[in-house]
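Hello,

Here is the structure I promised to pass on to you. Please open it and keep it beside this message while you read.

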Amino acid sequence: MGIVPSFKNQVVYQIYPRSFYDGNEDGTGDLRGIIEKLDYIASLGVTAIWISPCFKSPFKDGGYDISNYYEVDPLFGNNADLDDLIKEAKKRNLRIILDLVVNHTSDQHPWFQEALKSRDNPYHDYYIWTKKPNDLRSVFGGPAYEYVPELDEYYLHLFAKEQPDLNWANPKLRAEIHKMMNYWLDRGVYGFREDVIENIGKVPEKMITTNGPMLHPYLHEIYEQVFKGRDAFTVGECWDADNVSRTLYTDPQREELNMVFQFAWFKKYEATPHGKFDRLSPDLHEIRDIIFAQQETEPEKSWNANFLSNHDLPRPTAFFARPGVDPEDIAKFTLSLNLFLSGTPFIYQGEEIAMGHPHFDSLEELRDVEELNHYKLFLEEGIPEDKAFQMVSINGRDNSRTPMQWSDAKNGGFSAETPWIKVGDYHTINIEKQEKDPESTLNFLKKAIKLRQSVAILPIVRDGSFKALREYGNDYLAFERKLGDKRLVYLANIGDKPLTNPLLGKKVLLQNKGEQETLPPFGMILVED
Ligand code: GLC
C-alpha cells in the first residue's frame with residue numbers, strides 16, 4: 001500500500017468559537033479561550049480542530065459574513081492569537097482547519113463597499129448583479145435579490161441580504177481567493193472546511209444554485225493554485241451532493257476535495273411546507289439506509305465525512321430523543337457510529353457530553369438570522385405568534401449554538417459575564433461532572449477514539465471494507481469492517497424494544513450499556529471477530 005494521505009487519519013472536533021470558552025470575560029468565546037482549553041481538546045484524542053469562522057464580521061450570520069479574510073475579529077482576539085493557537089495546537093499534535101466562506105462576503109467587505117460605488121468600479125464585477133431579478137429565494141427566507149437604487153440594479157444573495165454572493169466567473173476574484181487560501185496555509189493551518197462550496201458555480205439566471213457547470217472546474221483550479229503539493233485537508237459543505245455527484249468532488253483522480261458533508265439523512269426531514277421548521281420525527285431505519293448507501297457507493301472514488309451534528313443542525317440528543325431513553329445513550333450511539341464507519345469522523349462541541357437544547361422562552365432570547373427571518377415570514381403567512389415562535393425556537397440553529405457547559409459554576413463555567421446567548425442546563429450536564437464519572441459520554445468517547453486510533457484497529461477502520469449486515473433484522477443497525485483476516489462488527493438497536501444481542505460471546509471492544517444479553521434501544525456493541 002502507498003502512503004496514506006493524512007486526511008484519512010484524522011478525527012475532527014468542530015468549535016463554534018463564540019460559544020466555546022470565554023478567555024477575556026466579555027460573554028463571548030474567543031481564541032484565547034480555545035488556547036486555554038487545548039489540553040481538554042487533546043484529552044479527547046481528536047487530531048484536528050475545525051473552527052467556525054473567526055474573521056472580521058458584523059455577525060449578521062454568526063461570522064459566516066466575513067468583512068476581512070485576513071484579520072481575526074476583535075471579538076475573538078487578533079492574528080497573533082490565531083498564530084498562537086496554531087502553534088500551541090501543534091505542540092499537542094492538533095491541526096487547525098479554518099472555515100472558508102467564499103460563496104459570499106459580508107456587505108461590509110471593502111470589495112462590496114467599492115462595488116456599490118459605481119458600475120464601472122473594478123470591484124463591481126466581484127459580485128453578481130442584474131436588472132431583471134427572477135424568483136430565486138434566499139435560504140434564510142424572502143427574495144434572493146436586493147435592489148440598490150443608486151445603481152438601479154439588484155445584487156444576488158443566496159443567504160442574508162447582508163451576504164452578497166461573490167462572482168466566481170471573474171478570474172480576478174478567483175485569484176484573490178486563491179491568494180488568501182495560500183496565505184493561511186503558509187501561516188500553518190492544515191486546511192479548510194469549505195462553506196456551501198457547491199454554490200460557487202451558480203447560474204442564477206437559469207435558477208441553478210448548486211452543481212452549476214463551472215463548479216468542478218473552479219474546484220480543480222483551487223486544487224491547482226492552492227493545494228497541489230501540499231499535505232492539506234479539505235471538506236466541502238454540499239447540501240445537494242448525492243451518491244452520484246459526490247464522487248465528482250472526491251474522486252482523487254479529479255483533484256478537487258478530500259471529502260464532502262452529505263446531508264441526505266437530514267434533508268429528508270426538511271421536505272415539508274416549512275422545511276425544517278415543521279420537522280417530522282426522524283426514522284432511524286431510513287437514516288441507517290441512507291448512511292449505508294453512502295458507505296457502499298464507489299468507495300475507491302469517495303471518502304466519507306461522517307457527522308450527525310454541527311452548528312446548523314439540531315443536537316442529536318434532541319433530534320433522536322425518545323421517551324424513556326437516556327440522552328447519553330443516544331450520544332454514545334451517534335458518536336461511536338461515526339467513529340467506526342468508513343471515513344473521517346467529525347464531533348461537534350458539546351456532543352461529547354450529550355448536550356441538549358436549552359429551551360428558549362421568548363423571542364428576545366433568539367439570535368439566529370434564519371430563525372428571526374422565518375418567524376416574520378410565518379406571521380405574514382397567518383401563523384399565530386406562539387406557534388411561529390415554537391417552530392423557530394424548537395427547530396432553529398440557536399439550539400446547537402449555546403455555550404459549552406464546562407462546570408456547575410455560574411453560566412456553566414463558560415464566562416463570568418452574561419453570555420451572548422442563553423446557556424443550557426449545565427447543572428445536569430457539564431464537563432467537570434462527566435470527567436469524574438467513568439460511565440459518562442465523555443469517558444466513553446475518549447475510550448472509543450483511543451480504540452479507533454490504536455495501532456491494531458486504525459488500519460481496519462481506515463482502510464478496511466464496509467459491508468452492511470442486514471441479516472439480523474430491521475431493528476438492528478449492523479455493519480462489518482474488514483481488512484485481510486481482521487473483522488470488526490458494529491451493531492446497535494435502533495428499534496423501540498430491547499433486542500437479543502446476537503454477538504454475545506464475541507470479543508467486545510466497545511459497548512455503551514455494559515455486558516448484556518439484550519441490547520436496549522440505542523444500545524451498541526463493537527466486537528472483533
Ligand atoms: C453554511 C454555514 C451556515 C451559514 C451558511 C451561510 O451552511 O454552515 O452556518 O449560515 O453556510 O454562510
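Below is what turned up when I looked at its pockets, its cavities and its nonpolar cores.

First, a word on the source: this is a predicted model, in which local features need pLDDT of at least 70 and side-chain atom pairs count only at pLDDT 80 or more, while totals for chains, interfaces and linings use all residues. Residues are numbered from 1 along each chain as its sequence is written, and side-chain values use heavy atoms, with hydrogens and water left out.

Let's begin with the pockets. On a 1 Å grid over the protein atoms alone, a pocket is an open set of points with protein on both sides within 12 Å along at least five of seven lines, a cavity is a set where a 1.4 Å probe fits but cannot get out, and lining residues have an atom within 4 Å of a point. A volume is the space filled by probe spheres set on the points, which are joined across faces, edges and corners.

The largest pocket has a volume of about 880 Å³. It is lined by 33 residues, and Val 139, Phe 140, Phe 159, Glu 270 and Glu 370 are the closest to its centre. Its lining has 13 charged, 11 polar and 9 nonpolar residues. (Asp, Glu, Lys and Arg count as charged, Ala, Val, Leu, Ile, Met, Phe, Trp, Tyr, Cys and Pro as nonpolar, and the others, Gly among them, as polar.)

The second largest pocket has a volume of about 740 Å³. Among its 32 lining residues, Pro 5, Phe 7, Lys 8, Pro 252 and Trp 303 are the closest to the centre. This pocket lies between domain 1 (10-105 + 171-263 + 304-366 + 400-441) and domain 4 (464-528), because both give residues to its lining; the domain bounds come from an automatic or database assignment.

There are also 4 cavities of 30 Å³ or more. The largest cavity has a volume of about 80 Å³, and its lining has 5 nonpolar, 5 polar and no charged residues. Residues that line it include Trp 265, Asn 306 and Phe 307.

Finally, the cores. A nonpolar core is a set of buried (under 20% relative accessible area, 1.4 Å probe, protein chains only) Ala, Val, Leu, Ile, Met, Phe, Trp, Tyr and Cys residues joined through side-chain atoms within 4.5 Å. The largest has 132 residues, and Tyr 13, Ile 41, Phe 340, Phe 346 and Tyr 490 have the most contacts inside it. Another core, of 14 residues, lies apart from it and includes Phe 277 and Tyr 348.

Happy exploring!

Key: Buried < 20%, exposed > 50% of the residue type's maximum accessible area, 1.4 Å probe, protein only.
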